[in-house]
Amino acid sequence: MLSQESLQQIDQEIAKYPSGQKQSAVMAALRIAQVEKGWLPKDVIEFVANYLGMPPIAAYEVASFYNMYDLTPVGRHKITVCTNLPCALSGGVNAAEYLKQKLGIDFNETTPDGKFTLKEGECMGACGDAPVLLVNNHKMCSWMTTEKIDQWLAELENK
Amino acid sequence: MSAHPLILAGLDGDRTWRLQDYVARGGYEALKKIIRDKTPPDEIIAEMKASGLRGRGGAGFPSGLKWSFMPRSFPGDKYLACNSDEGEPGTFKDRDILRYNPHTVIEGMVIAAYAMGCTRGYNYIHGEIFEVYQRFEEALAEARAAGLLGQHILRSDFSFDLFAHHGYGAYICGEETALLESIEGKKGQPRFKPPFPASFGIYGKPTTINNTETFASVPFILSGGGEAFQNLGKPNNGGTKIFSISGHVNRPGNYELNLGTPFSELLALAGGVRGGRKLKAVIPGGSSAPVLPANVIMDCTLDYDAISKAGSMLGSGAVIVMDESTCMVKALERLSYFYHEESCGQCTPCREGTGWLYRIIHRIEHGLGRADDLDLLRSVAGNISGRTICALGDAAAMPVQSFVKHFGDEFAYHVEHKKCLVPPEIQAVGSQIYVSPSC
């Protein structure tokens, strides 16, 4: 179900916790699985649960509670924009509007070619860098003027 | 200028975070001295108490006192947790500490573990800053390789290991007991207290949780002395504090200042209000802190006691600046959406009440407000406060109560005229994409 590389990474996470506490690694394991699969189908969540020796429902609870896990398919590049108040005061909402217009989609939608999904995010703890985008959960882009958004989209387009 | 930075002193962005740079700045000297002198743990806790350090995560609880609650003689594992789950809108200091000076957090945690007899620790890092989590892992590897973490630290009989735990998008995990649940691999739903974490924490073992900036201050307190740290601030408000200033200023960013510095100095450091516009309001301690009108905050000093006296909270030191182009109804609408979105759903008053608050403010903002809506807002907010397991309920209620208290006229205008008091073209200027020239 998961590659050897992913399993190795999960094993490294398990080693951070005392013996008998494998469940503590579930957040990391789901993250690693999502990076490999693009999103988290139910059978992948179940596999992770079995690997950690915990009930599948408990892993599903975690996957559905934390909002960076994707329980439905997303485009190749998921772009999350923070529109919370501190960001909005420096153009976070305008950056989101610009992205919607450029990509021709609304929040929670994916472009027809499957390349981009747009999400509205909550505070990323980087308010001084507004506008802030998060690409595929792990790459943060700061001070996103419209010119920088154009550049980024052009780069991602070819990835 | 009242700025004698400690944590942020001598840093050069991404170039000076490694172990060798930290050591060159005098890093790990405090830990080495403690190990060499076999300093009694009680002396360390006494020094922490003398420093007047108060928790930098938001609640402002005296850190030395918190450390003294830990049952040091309890047999078996005791845990230490660092709360780097920084998701309170306006707060972005822990990210900078962790990416630019991670070893000060590691040293602070090792000293804390020594003082409290902890065997294992976790740093819970906010989900959205994955690159910072990766860097912290690298810093941990450096510390382990240098014998500063793990078995027999600096060849002594003291052992402590520290690991990074990465969150994945839940504001509530910044609440300390939700954070513990999350480390155990569960949904982040806060625990009922008592029992407090000092007696029942991670895996049911005694646990102390402090904020990143709190731990980062520890090496400076131990090397310079508690009293010297205390004297940087004012009585009951010891030391320096990192203020994250965002919103309508020319140079948003982190500024480390002595506690007790006038707000006007911070505003000046941040380049003043953007576009020469007039200051309207400031949220001084993260989005959960009550908003203060310009005239009140301009007379305040930045410390726990002064901000509390003015009717708000210093919180995490996240200062959100709003100028005259801001529609206060719209601002509150966005914050209320956030709390509704982030409520963990465990307690009915918060789960349902945050939805009520958001929907009422949303309809006022969109010209559908009703004459009794302000009373309804006060009533719903009042019925959430103090009726939930954790502080998220209060955190949702306080902005509503304070916005309506200080800017009630603007809300009433919306209800009566079905539009904003601040003309849309002025609002548009204030919400443009703004990037400081220094970025």
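**Entry 1: a sheet in chain B**

I began with the strands of chain B in this predicted model. Five of them, in the order β6-β5-β11-β8-β9, make up an open sheet with mixed pairing. I looked for the edges and found β6 (253-258) and β9 (292-293) of chain B, each of which pairs on one side only. As a reminder to myself, strands of a sheet pair through backbone hydrogen bonds, either parallel or antiparallel.

Next I checked how β5(B) and β6(B) run. They are antiparallel, and 6 bridges join them.

Which helix touches β5 and β6 of chain B? I found α5(B) packing on the sheet there, with its direction at about 120° to that of β5(B). I then turned to helix α17 of chain B, residues 392-417. This helix lies across β8 (279-283), β9 and β11 of chain B, and it runs at about 155° to β8(B).

**Entry 2: where chain B meets chain A**

I moved on to the interface and counted residues in contact: 65 from chain B and 51 from chain A. The two chains bury about 4,500 Å² between them, with 57% of it on carbon and sulfur atoms.

For the polar side of things, I noted 29 residue pairs in polar contact between chain B and chain A, both residues at pLDDT 80 or more. Which elements of chain B give two or more residues to the side that touches chain A? My list includes α5 (93-100), β2 (120-125), α7 (130-145), β5 (240-247) and α14 (328-342) of chain B. The largest share, 7 residues, comes from α14(B). Sorted by class, this side of chain B has 30 nonpolar, 20 polar and 15 charged residues.

I also looked up the salt bridges between the two chains, and there are 5. One that I inspected pairs E122(A) with R334(B), whose closest N and O atoms are 3.2 Å apart.

**Entry 3: salt bridges over the whole structure**

Side chains of opposite charge can pair when their charged atoms come close. I searched all chains and got 37 salt bridges. One of interest to me joins the side chains of D42(B) and R72(B), at 2.8 Å from N to O.

Methods: Residues numbered from 1 in each chain as written. Chains lettered and ligands numbered in written order. Predicted model: local features only at pLDDT ≥ 70, side-chain atom pairs only at ≥ 80, totals over all residues. Heavy atoms only, no water. Contact = heavy atoms within 4.5 Å. Buried area = accessible area lost by both parts, 1.4 Å probe. Salt bridge = Lys/Arg side-chain N within 4 Å of Asp/Glu carboxyl O. Polar contact = N/O pair within 3.5 Å; in protein donor to acceptor, adjacent residues only side chain to side chain. Helix = DSSP H or I, 4+ residues; strand = E, 2+ residues; numbered from the N terminus. Nonpolar A, V, L, I, M, F, W, Y, C, P; charged D, E, K, R; others polar. Pairing = 2+ DSSP bridges. Axes fitted to C-alpha atoms, helices over the stretch in contact; angles between N-to-C directions.
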